[in-house]
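The following exercises concern the architecture of one protein chain. Please work through each task before reading its solution.

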Amino acid sequence: MSTLFDDRTEELIQEYRQRFEESPLFISRGPGRVNLIGEHTDYNDGFVLPVALKRDVRIVLRPRSDRQVRVYSVEFGESGSFDLDAVRFNPDRLWLNYIQGMAQSLEEEGIRLVGIDAVVSGNVPRGSGLSSSAALEIASAHAFLIAAGQNGVLSGPRIAQLAQRAENQFVGVNCGIMDQFISELGRANHALLIDCRSLEYRLVSMPEEAALVIGNTRASRSLASSAYNERRAECEQGVKLLQTALPDIRALRDVTSEQLEAHRALLPQNIYQRCRHVVSENERVLQCVDAFECNDLDEVGRLMDASHKSLRDDYLVSSVALDAMVAAMRGAEGCYGARLTGAGFGGCAVALVKPGHEQAVADAIFEHYPKATNIWPEVYMTKAADGASAEAI
Ligand code: ADP
Ligand code: MG
């Protein structure tokens, strides 16, 4: 069968047998993701270029004949349950809300679900910016769909939108569409170019010699959410001011670098810098797609470096920890380029690396990063992996 049948799945099946005293019938999977380039562009109607990770959330399950859902979470060591006819936010089982929200979203779409008995487990680091939440939502979506015999009824983009709705409306986290989209639609050895305005998307083939090393700073992200809201407001202000000269623009997506320079006098310095990041970052995403398609990994690396500088100096969302992580990566042999990924302030940085040099980059991180920050990091080596799946066991 598929690559899903490894030791992790075997352990999950064993866990299920112990909990429910029978064997699971299905397994579903939703991967985490890392964004290669295109940061803080999503809410400006722009472009992003994420890849799905090998790290994922998996659910083994059996359909029930009623509408009860019983789930055991391996990582939390907790059971949770709910009734599909009485879904409400559970303040004592925060992880269960992603699953409940997904069920509600699917039923609102007109998909009649059945109850399930399930065990969930994932190795996407939680709360580190690699989107374990989207991985859980997407794995849940496929668990419910396959249990109800409804696999294949919804398109991938629709499933992604329903998952985003679950997170926005049920869990109450104001995320964009990128995470669910890539978790659903990623493909091995490909990145996914997403137009966050139209939701058009295109797989971009990544050369064989493109490996990724992700460094988790494990630094506090406490500043991230207030700064996120502030940046969004600054971008909106930039659009309003630019509209006095460019009445047709709806978002920073519609502004070119030349236009921004031509109308720079309309903007206070801080707003100009925020706009310059977004406008140049959108251009870098498209240049990066061209560079991948020409197999020019040196150019991809340069664009990633430029993205980090822009996020650090114009968008002001880097941190001592992220800068130290990126510097450690860049100092290693075989690293084409590196940048912070995700909203910033903490979380992860990603490096594009020549295959065979992943360990050298990891070694450099472990050597230099703790000295600069007093924090012991985590390092994940990966390549672009497949998006979600569900199948019979
Ligand atoms: P991120 O998406 O960046 O990893 P979030 O805070 O958005 O961080 O989502 C993390 C939350 O998602 C966790 O606190 C938990 O509620 C849920 N989650 C993620 N992975 C799992 C898992 N393996 N099992 C149960 N819940 C999980
Ligand atoms: Mg999340």
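**Exercise 1.** Determine how many residues of domain 1 are in contact with domain 2.

*Solution.* Take contact as heavy atoms within 4.5 Å. Under this criterion, 32 residues of domain 1 touch 40 residues of domain 2. The domain bounds, from an automatic or database domain assignment, are 7-206 + 385-392 for domain 1 and 211-382 for domain 2. Finally, the domain centres, taken over C-alpha atoms, are separated by 27 Å.

The model is predicted: local features need pLDDT of at least 70, side-chain atom pairs count only at pLDDT 80 or more, and totals for chains, interfaces and linings use all residues. Residues are numbered from 1 along each chain as its sequence is written, chains are lettered from A and ligands numbered from 1 in the order in which they are written, and side-chain values use heavy atoms, with hydrogens and water left out.

**Exercise 2.** State what percentage of the 393 residues is buried.

*Solution.* Buried denotes under 20% relative accessible area (1.4 Å probe, protein chains only). Buried residues account for 58% of the 393 residues in the chain. Next, consider contacts between residues at least 6 apart in sequence: 72% of these join residues at least 24 apart.

**Exercise 3.** Find the numbers of positive and negative side chains and the separation of their centres.

*Solution.* Count Lys and Arg as positive and Asp and Glu as negative, omitting His and the chain ends. Place each charge at NZ of Lys, CZ of Arg, CG of Asp or CD of Glu. The chain then has 40 positive and 54 negative side chains, with the centres of the two sets 2 Å apart.

Conventions: Buried < 20%, exposed > 50% of the residue type's maximum accessible area, 1.4 Å probe, protein only.
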